[in-house]
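Colleague: Could you take me through this model feature by feature, giving the general idea before the particular case?

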Amino acid sequence: MQDILPRYLRYLKLQRSMSPNTIEAYRRDVEKLITYLNGEGKTLTQVELSDLQTFAAGLHDIGIGPRSQCRILSGVRSLYRFMVQDGYLDQDPTELLESPVLGEHLPEFLTPQEVDQLEDSIDLSVPEGHRNRAIIEVLFSCGLRVSELVSLRWSQLYADEKYLRIVGKGSKERLVPISDRALHEIDNYLPWRQQLKIKPGEEDYVFLNRRGAHLTRTMILIMLKRQAQEAGITKTISPHTLRHSFATALLEGGADLRVIQALLGHESIGTTEIYTHISMQTLRREVLQHHPRNIRPQASFER
């Protein structure tokens with residue numbers, strides 16, 4: 001029994017080509033189930049559907065939200081598919097396990113004007129100012145995941161040809177155009193970077209911290225939230241917000257959904273289709289604001 005989890009994690013790494021962050025998330029989810037089963041005196045191979053249903057109900061009882069519940073149960077299903085495939089079980093006990101029903105969730109996004117507002121609020125006199133401006137512009141101009149940004153290397157940047165070679169989820173590569181403006185912001189960041197004492201092995205990373213090491217996802221999140229506050233933007237934003245903003249701007253500019261799918265590195269077009277809902281929201285707002293049948297006549301004060 002003790003080798004199931006290590007073998008499962010190796011399977012995710014070697015056969016599913018998952019990133020270390022994704023594998024760690026799956027590990028935590030499975031350990032939640034193992035902790036519950038230990039309290040019930042059961043092992044992973046002794047589980048029945050009723051045990052899993054009780055476990056799922058317990059997630060709700062301890063305050064875990066529906067979206068997180070779905071993610072945890074997805075990890076549990078993945079584990080049991082592996083156990084059947086590897087011969088630990090003859091039948092998958094998760095086949096009839098239901099997940100919570102999620103309402104439609106449309107991600108937050110910024111308009112290009114709000115992105116400009118965010119960038120303009122950066123104090124360029126501080127050491128990291130030009131770096132932070134370059135980070136925001138690359139996220140918005142290229143639609144990168146934050147994990148792709150923090151792992152971006154100079155060897156992936158082809159400035160003359162104006163594109164990036166991105167290694168995304170599942171180690172899949174894609175080419176993403178980079179704008180002149182993003183390249184300009186990177187050039188402005190270089191003088192500060194060249195003054196850093198870069199740690200051995202970190203030389204090829206594009207974005208570094210003051211200590212000469214590559215940035216983490218948490219550092220980017222903290223920087224963005226602080227900058228949004230400085231800019232007076234009240235929306236709840238994260239690095240992923242700029243990725244959504246990239247896709248929404250493309251769609252509203254007339255880009256084909258398949259092109260956006262390729263640029264974002266989405267495996268399924270269904271994942272990309274959420275941006276059509278965002279665009280429809282924007283279109284509806286524009287109609288309500290500007291169509292003559294929706295504009296209320298100004299009150300006349302003539303007697």
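Colleague: How many of the 14 residues of α6 are buried?

Modeller: Some ground rules come before the count. This is a predicted model, in which local features need pLDDT of at least 70 and side-chain atom pairs count only at pLDDT 80 or more, whereas totals for chains, interfaces and linings use all residues. Residues are numbered from 1 along each chain as its sequence is written, and side-chain values use heavy atoms, with hydrogens and water left out. Helices (H or I, at least four residues) and strands (E, at least two) are DSSP runs numbered from the N terminus, and buried means under 20% relative accessible area, exposed over 50%, and partly exposed in between, with a 1.4 Å probe and protein chains only. On that basis 13 of the 14 residues of α6 are buried, and the helix is mostly covered.

Colleague: What should helix α6 span, at 1.5 Å a residue?

Modeller: The expected span of a helix is 1.5 Å times one less than its number of residues. For α6, residues 129-142, this gives 20 Å, and the end C-alpha atoms are 20 Å apart, which agrees. Just after the helix, G143 takes a positive phi of about 65°.

Colleague: Which residues touch the most other members of the largest nonpolar core?

Modeller: A nonpolar core is a set of buried Ala, Val, Leu, Ile, Met, Phe, Trp, Tyr and Cys residues joined through side-chain atoms within 4.5 Å. The largest one here has 40 residues, and L118, F207 and I220 touch the most other members. At least two residues of this core come from each of α5 (112-120), α6, α7 (146-150), β2 (163-167), α8 (180-194) and α9 (217-231); α6 gives the most, with seven residues. Another core, of 29 residues, lies apart from it and has L12, Y36, A56 and L89 among its members.

Colleague: With which residues is I220 in contact, leaving aside its neighbours within four places in sequence?

Modeller: Contact means heavy atoms within 4.5 Å. By that criterion I220 is in contact with I135, L139, V146, L149, V150, L215 and P239.

Colleague: What is the order of the strands in the open sheet?

Modeller: Two strands pair if DSSP finds at least two bridges between them. The open sheet has three strands in the order β1-β2-β3, with antiparallel pairing. β1 and β3 each have a single partner strand and stand at the edges, so one side of each is left without a neighbour in the sheet. Five bridges join β2 to β3; in β3, R174 is the bridge partner of I166, while P177 stands opposite Y163. Their hairpin has five residues between the strands, and there G170 takes a positive phi near 65°.

Colleague: Which residues of strand β3 are on its covered face, and which on its uncovered one?

Modeller: In a regular strand the side chains alternate between the two faces of the sheet. In β3, residues 173-177, R174 and V176 form the covered face, and E173, L175 and P177 the uncovered one.
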